[in-house]
Amino acid sequence: MKKLSISVAVSLMAMGAAAEPNSHLPSQDTIKAPALSAGVSFNEQHHNRQVALWSLRQINAALPLIDDAWSTQTLYAMTAQMNATVRTQPILATPIISDPSINAFAVPGGIIGINTGTILQAKSLDEVASVLAHEIAHLSQRHYEHRQENNKKLMALQLGGLLAAIAASAVNGDAALAAMAGAQTASAENAAAHSREHEREADRVGQQILVQAGYDAHAMPRFFNRLYKQVSLHQSKNAFAPSFMQSHPFTMERLSESTARASSHPSTSMHDKQRHAKTFDLLYWRLKYLSKQTTLAELSANAKQSQGARLAMVMHLTDHHQYQKAQKSFDEGHFSSEDVLAMMVQADLYTAQHRHKDAIRVLTPLQAIYPERRDLRLYLAKNLILDNQTADALALVQDLTQSLPHDLQAWQLIWRAYEQKARQDTNHQSLSTLYALQARSQIELWTGKYDGALQSNAQATKTLESLMSDDSYSASSLHALSHLLQKDKDTILAAKAYKPR
C-alpha cells in the first residue's frame, strides 16, 4: 500500500465512535453544556475545510473502508448530533476503517474516523459514543490549531504521518507503530506534556458532550479502564504502545478524574438504555461480519438471543448463495416491516436472487417514512437501477450530491444509472454519456485519481461539443452544462495542486 503524508493535525486514540441520536436529553438544570465554539475566523474555517476535503480524498484512496450505508448512517447521525451541541461547523464525514486495532482520529474541518476494532472492543453504545465525544471535544477546543500556533517546530511530532501510519497499520501494525515512534523529536517530552493538558480538557468537555446527548457518563471511565489494562499489558511485554498512545498520552490520573466526574452526572433513562443496547447489538454484529471477524458458527450460536447476530447470519448465508436458509433464518426473527436494517437485509437477499421488484417493494414504504435517510436512498436507488428504473433512481441520489458533493457512493450510483441509460436510450445517448463521464470524474476526484478525473472531464467536454449541432437541446441548457464541466475542471485542478500546510 502506498505511503501517504499529511500535514494536518489529527488525533489518534485507542477508542472509537458510533451511536444513534437521542430524543431524551438531560435537564439543562443538571448539565452545563460546553459553550459553542466561537472566534473561528472565516479564513480558518475555509482552511480547515480544505484540509478535511484533502484528507477525505486520501482516506478514500488508501484506507480499507467499510462503506456500508447503514453503519455509516448510524455513526454519522450520532456524531453530528453530539457535534451540534458544541460546534457550529458541521461534521463532514465519519469514515469507518476496517482495522482490528483500537483507534480513532479527528481532522480539523469535520472528519472523525474510527476503526472497526474500536467498536468491537467496546461493550456498549455509550462506550463508543464516549470516543466520539472525546474527538469532538478536540475539535471544539481547537487543540490542533493551538498546537500549531504554540510551536510549529512540533508539526512532525503532532502529525507523525497520520495517514501513512493508518494505511500501514492495515498491513502491519508493528511497522506503523515503529514509523510513528521514529517520527518523535527531541521536543517529545514538552509535546507530551502539552498533549496531556489537551487530553484532560478533551476528557472533561467530551464527558459533558456525552451526557448532554443522553449517554452514560460512566461509559468513558469504563472504556478508559479497559484501555489502561491493555497499555499495561503492552508494557509488560516490552511491545510498542498502541498507536493512540503516540498522540493521546494516557495516565491513571485521567481515569480517576473521569470516574469522579461521572458520579456527578445523572444516569440515563431505562428507555435510552434499551434503545442503545438494541442499536449496539445491530452495529456490533454487522461490523463484525463486514470486517470478516466472525464465523457462521459464532453467528448461529448467538442468533437466538441477538437480532444483530441473526441479521449478520442472514447476510453470511446470502453471500454464500444459501438463499432458502437465509430466508428461513430471517423469517424466524419475526422482524417488523418498519425495521430499517432488517428490511435492508431482506432487500439484499432479494437482490442476490435478482428479485429487484421485491427489494423495491420492501424499501419503498420505509423511504417514504424516512426520506432524509441516506442509507435508504442508496439501497432503493441501487435496486431501481437494477430494475431499469434509472430516472427514479437518479431522483433519489442526485439530491445527495447537492448537499454532500463528496458522497462517493451516491456518485457511483449516478455513474451506473447514466451508463445504463446511455446503453438503452438511443435518443439521448450522448447526453447520458456526458453525465456518466461527469459522475466518473467525481468518483476519481474523491479517490485522489486527479489525472483520471481530468481525463473523464475532458471526454465529457468533447461529448458536449458533439451536442452543439443537435437542435433538440436548447442553447441555455448546453451553456449550463459547459459551465458545470468547467467548474468541475477547476475543482479537480485545485484539488490536485492543493498541499496542506
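Here are a few notes on the sheet and the aromatic contacts in this predicted model.

1. Starting with the sheet: three strands make it up, it is open, and the order runs β1-β3-β2 with mixed pairing. β1 (96-97) and β2 (104-107) are the edge strands, each having a single partner, so one side of each has no neighbour in the sheet.

2. The pairing of β2 with β3 (residues 111-115) is antiparallel and runs over four bridges. If you want a spot to look at, A106 sits opposite I112 in β3. Helix α4 (residues 125-140) packs on this sheet and touches β2 and β3, with its direction at about 30 degrees to that of β2.

3. On to the rings: searching the whole structure turns up four aromatic pairs. One of them is F280 with Y284, where the centres are 5.8 Å apart and the planes make 45 degrees; planes under 30 degrees apart would count as stacked and over 60 as edge-to-face, so this pair is tilted.

4. F280 and Y284 both belong to helix α12 (residues 270-290), and because they are four residues apart there, about one helical turn separates them. Both residues are buried. Together with W285, F280 and Y284 form one aromatic cluster.

5. F330 and F335 give another tilted pair, because their ring centres lie 5.1 Å apart with the planes at 35 degrees. Here too, F330 and F335 are both buried.

6. Last, a charge and a ring: K382 has its charged end over the ring of Y379, at 5.2 Å from the ring centre.

Conventions
Residues are numbered from 1 along each chain as its sequence is written. This is a predicted model: local features need pLDDT of at least 70, side-chain atom pairs count only at pLDDT 80 or more; totals for chains, interfaces and linings use all residues. Side-chain values use heavy atoms; hydrogens and water are left out. Two strands pair if DSSP finds at least two bridges between them. Helices (H or I, at least four residues) and strands (E, at least two) are DSSP runs, numbered from the N terminus. Contact means heavy atoms within 4.5 Å. Axes are lines fitted to C-alpha atoms, for helices over the stretch in contact, and angles run from 0 to 180 degrees between N-to-C directions. Rings of Phe, Tyr and Trp (its six-membered ring) pair if their centres lie within 6.5 Å; planes under 30 degrees apart count as stacked, over 60 as edge-to-face and the rest as tilted. Buried means under 20% relative accessible area, exposed over 50%, partly exposed in between (1.4 Å probe, protein chains only). A charge sits over a ring if NZ of Lys or CZ of Arg is within 6 Å of the ring centre and within 35 degrees of the ring normal.
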